[in-house]
Each structure stands twice: as structure tokens, then as C-alpha cells.
Amino acid sequence: MGKLDGKIALVTGGSSGIGLAAAKQFVHEGAYVFITGRRDPELASAVKEIGHDITSVRGDVANPADLDRLFAQIQREKGRLDVLFANAGVARYAPLGKITEELYDSIFDINVKGLLFTANSVYSATKAAVRSFARTWTTELKDRRIRVNAVSPGPIDTPGLNELLSSSEAGQQRAKMIAATVPLGRLGRPDEIAKAVAFLASDDSSYVTGIELFVDGGVAQV
Ligand SMILES: NC(=O)c1ccc[n+]([C@@H]2O[C@H](COP(=O)([O-])OP(=O)(O)OC[C@H]3O[C@@H](n4cnc5c(N)ncnc54)[C@H](OP(=O)(O)O)[C@@H]3O)[C@@H](O)[C@H]2O)c1
């Protein structure tokens with residue numbers, strides 16, 4: 001018995017490197033695997049190498065229409081998807097100040113938008129990207145004696161949150177439920193975030209850089 005016997009899996013970017021190795025492993029463990037990539041010859045050679053229980057679908061993860069087509073094909077042919085490895089990605093580097101809009105668009109379209117539309121959880125993904133900026137910039141800006149820190153608020157009583165809640169059906173109820181998940185038992189106030197930001201902005205935090213400060217009533221700790 002393989003660990004993935006009978007499972008239907010999708011590996012985006014499955015024609016090379018990590019994705020190809022994962023697709024091979026998945027098939028070895030008993031799964032039926034769909035792989036994607038933008039280049040036909042690489043896809044064909046991956047299919048040949050793996051040999052069975054594999055289908056390639058050409059497509060760009062940065063193009064939501066390609067993703068729609070891909071998921072429709074999986075649905076049509078297999079009726080479900082059990083495992084998703086959102087692996088497709090590219091590595092391109094440039095230091096702060098040298099990042100062109102073209103570079104930004106191309107890498108975010110693939111690594112962030114592509115992954116997001118493949119898996120779909122937009123808010124957390126954008127916040128994870130921000131957290132990652134802070135980590136990278138900490139090193140990149142240290143010679144200019146610039147400190148970089150990220151603040152991660154929990155649920156804070158703001159017009160933005162209220163709008164979100166009131167746009168849903170049981171807004172008030174939902175606010176209560178959110179507050180109940182906070183170890184401190186309530187929503188935070190904007191000034192509680194402001195004080196933490198002021199601390200990080202001031203010399204009081206002169207030896208603090210690269211952190212993610214959770215000001216969230218304990219939500220992330222439990
Ligand atoms: N290698 C590392 O050291 C390393 C470390 C940390 C994280 N990662 C991450 O691991 C993932 C795989 O990396 P790898 O080193 O295995 O890369 P790789 O050998 O270059 O393979 C990348 C795969 O993704 C596909 N791909 C790239 N852009 C795509 C797009 N827009 N739409 C669909 N498929 C696309 C490529 O096929 P096409 O080019 O034909 O589209 C290829 O199949 C990436 O997300 C990378 O950022 C890699």
C-alpha cells in the first residue's frame with residue numbers, strides 16, 4: 001500500500017526540480033497526478049519519465065483563466081482533488097532601489113497571485129508577504145542603520161472591521177464570536193496598536209529589528 005493510494009493530486013510546476021520530484025514521489029505512493037507548467041517539451045519529458053498515472057496540463061499559474069481550465073479538467077476527468085502542491089514559482093532577485101515594476105509584476109504574478117488563485121486564501125497571503133518583506137529588508141537596510149519591524153494586530157475595533165462584519169449577515173454575533181477567540185476576551189482598540197507602533201518607531205526599541213510584534217490579545221499565541 002502506498003501512502004497516497006487512490007488519491008488525486010495536483011502539482012503546479014511539476015515539470016522540473018522540486019515539483020517533478022514530488023510528482024514522481026506521489027505516483028510512487030499510489031496517487032494519480034496532474035502536473036502543470038508553461039513549457040510543453042518539459043511537460044512531455046516529465047510525463048515520459050514518470051510513465052503512468054500522470055497527466056500534464058499546460059498553463060500559467062499567473063493566469064486565472066488557465067487555472068479555471070485546469071481545475072475544470074481535473075473535475076471532468078477525476079471528479080475531485082485530494083492533494084494540492086502549489087509549487088510553481090520562480091526565483092528572480094534585485095535589491096531595494098533596483099526593483100523594476102516589470103520584475104515586481106512578473107514575480108508577484110507567479111509566486112503570490114498564482115499561488116493564491118491556486119489555493120485561495122487572499123488575506124493571509126498578503127500579510128505573509130508583508131512579514132517576509134520585513135525579514136528581507138532587515139538585512140538589506142542594516143548598513144543604512146534602518147530598523148524594520150512588522151506589527152500584526154489581532155481583531156481591532158475599527159471602521160474597517162465593522163464594515164466587514166456589517167456586510168455579513170449576522171455581524172454583531174460574529175463580532176462577539178471573534179472577541180471570544182481572543183485570550184484577553186475582547187476586541188483591541190486602535191490606540192493599543194498605535195502605542196506598539198510608536199514603541200517600534202522610537203529609540204526605546206533601538207535594539208529591536210526584524211521582529212513581528214503581535215498586538216493581538218494573545219490570539220497568535222494559543
Ligand atoms: N530550489 C530551491 O532552492 C528553492 C528553495 C526555496 C523555495 N523554492 C521554491 O520551490 C518551488 C520550485 O522551485 P524549483 O527550484 O524546483 O524550480 P524549477 O526547477 O525552476 O521548477 C519550477 C517549475 O515551476 C514551473 N513554473 C514556473 N512558473 C510557472 C508559472 N507561471 N505557471 C506554471 N508553472 C510555472 C516551471 O515550469 P515552466 O517554466 O515551464 O512554467 C517548473 O516546472 C518554487 O516555488 C521556488 O520558489 C525553491
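Which residue in strand 3 stands opposite I35? S56 does. A word on the basis before I go on. This is a predicted model: local features need pLDDT of at least 70, side-chain atom pairs count only at pLDDT 80 or more, and totals for chains, interfaces and linings use all residues. Residues are numbered from 1 along each chain as its sequence is written.

Now the sheet. Helices (H or I, at least four residues) and strands (E, at least two) are DSSP runs, numbered from the N terminus. Strands pair if DSSP finds at least two bridges between them.

Start with strand 1, residues 8–11. Both its faces are covered. I8 and L10 are buried on one side, A9 and V11 on the other. Buried means 20 or more other C-beta atoms within 10 Å of the residue's own, with C-beta atoms placed from the backbone.

Strand 1 pairs in parallel with strand 2 over four bridges. It also pairs in parallel with strand 4, residues 83–85, over three bridges. Look at L10. It stands opposite F34 in strand 2, and its bridge partner in strand 4 is L84.

Strand 2, residues 32–37, pairs with strand 3, residues 54–58, over five parallel bridges. Strand 2, helix 2 (residues 40–50) and strand 3 form a right-handed β-α-β unit. Right-handed means that, with the strands pointing away from the viewer, the path from the first strand over the helix to the second runs clockwise.

On to the ligand. Around it are 22 residues, and G13, G17, G37, R38 and G89 come nearest. Near means a C-beta atom, placed from the backbone, within 6 Å. Helix 1 gives the largest share of the shell, three residues.

Definitions and conventions:
A residue is buried if 20 or more other C-beta atoms lie within 10 Å of its own, exposed if 12 or fewer, and partly exposed in between; C-beta atoms are placed from the backbone.
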